[in-house]
Amino acid sequence: MANPNPVPPLKDIVDGCIEHLMSTDKYQEDQSPNITLAATVANELVISMVNGMSGKHWYAKEAKKYLNEEERDETLYAAQKFNGPSNHAEMCILCVCHDDNDPISYIRCTANNCDACHETLRWAGVTTQNGKNGNQGGGKSQTGWVHPIFPLSIGTQIFSDVPWADQVEALKDEVHDVVNYQSGANLTLPGGNSKKDTTISQDKLKVLFGTPGSSSQEVTQANEDDE
Ligand SMILES: [Zn+2]
């Protein structure tokens, strides 16, 4: 019988690299930021962190050093922020991969996904380190969260009267089931005939920041081996 959950290509190098980054003194000093690395269907690697990462960032160069030491020749890119505030690491990568039409085959974060990222990765069919959809949302509410593809934000600061869990539920029901997964698609909300009532109303889903756009840089420089 075929294995229903084959190991994604490049899982070994993504896991090894993330574990290496977590083992560094800098990661402890930085109070464990959410560093995220993904492999794509075209066998490329993309790294990022909250609000994006430049190709010259320490973690990008340390990842490059690790890949060099492992004698890997996959191209490494650093995904920058795509729009507005609160660009979570996973979403920076999802945005770049979406715009490049090169889907994520595997992603690993040093921290749990927040609920909104978790739902968005599930919707995009992305495999996480704990298996498909396994990297559970952290449950902690977010003050502001920006969708990587659609011009849409949610968060407790934006909808202060709607519980975070209901906002994530609305994201699932009223956006992902309705909007086509197309780059630059206009956000069209259903005309009063959603499948079920949710606490958040459709007209409350705010369009704030215009259509997101991605950018990335190839990581060409590795950290020096000075330890
Ligand atoms: Zn998130």
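How far is the sulfur of Cys-95 from the closest cysteine sulfur, and in which residue does that sulfur lie? In this predicted model, the closest cysteine sulfur to that of Cys-95 belongs to Cys-92, at 7.8 Å, which is too far for a bond. A disulfide is a covalent bond between the sulfur atoms of two cysteines. The cut-off applied here is a pair of cysteine sulfur atoms within 2.5 Å, and the structure holds zero disulfides.

Distant parts of the chain are linked by the pair His-88 and Cys-117, 29 residues apart. His-88 sits in the loop between β3 (76-79) and α4 (89-99), whereas Cys-117 belongs to helix α5 (residues 115-123). His-88 has a relative accessible area of 13% and is therefore buried, since the limit for that class is under 20%. Cys-117 is also buried, at 0%.

**Packing of α4 and α5**

Two packed helices are described by the angle between their axes and the distance between the axes. For α4 and α5 the angle is about 30 degrees and the axes are 9 Å apart. The two helices are therefore roughly parallel to each other, as angles under 35 degrees count as such. Their crossing is left-handed. On the α4 side the contact is made by Glu-90, Met-91 and Leu-94, and on the α5 side by Cys-117, Thr-120 and Leu-121.

**Buried residues**

| Residue | Relative accessible area |
|---|---|
| Cys-17 | 1% |
| His-88 | 13% |
| Cys-95 | 0% |
| Cys-117 | 0% |
| Phe-150 | 0% |

Where is Phe-150 found? Phe-150 lies in the loop between β7 (145-146) and β8 (153-154). With 0% relative accessibility, Phe-150 counts as buried, and Cys-95 is buried as well, with a relative accessible area of 0%. Phe-150 and Cys-95 are 55 residues apart along the chain, and 9.8 Å separates their C-alpha atoms.

Notes: Residues are numbered from 1 along each chain as its sequence is written. This is a predicted model: local features need pLDDT of at least 70, side-chain atom pairs count only at pLDDT 80 or more; totals for chains, interfaces and linings use all residues. Side-chain values use heavy atoms; hydrogens and water are left out. Helices (H or I, at least four residues) and strands (E, at least two) are DSSP runs, numbered from the N terminus. Buried means under 20% relative accessible area, exposed over 50%, partly exposed in between (1.4 Å probe, protein chains only). Axes are lines fitted to C-alpha atoms, for helices over the stretch in contact, and angles run from 0 to 180 degrees between N-to-C directions. Angles under 35 degrees count as roughly parallel, over 145 as roughly antiparallel, 65 to 115 as roughly perpendicular and the rest as oblique. A crossing is left-handed if the near helix is turned anticlockwise from the far one by less than a right angle, and right-handed if clockwise. Contact means heavy atoms within 4.5 Å.
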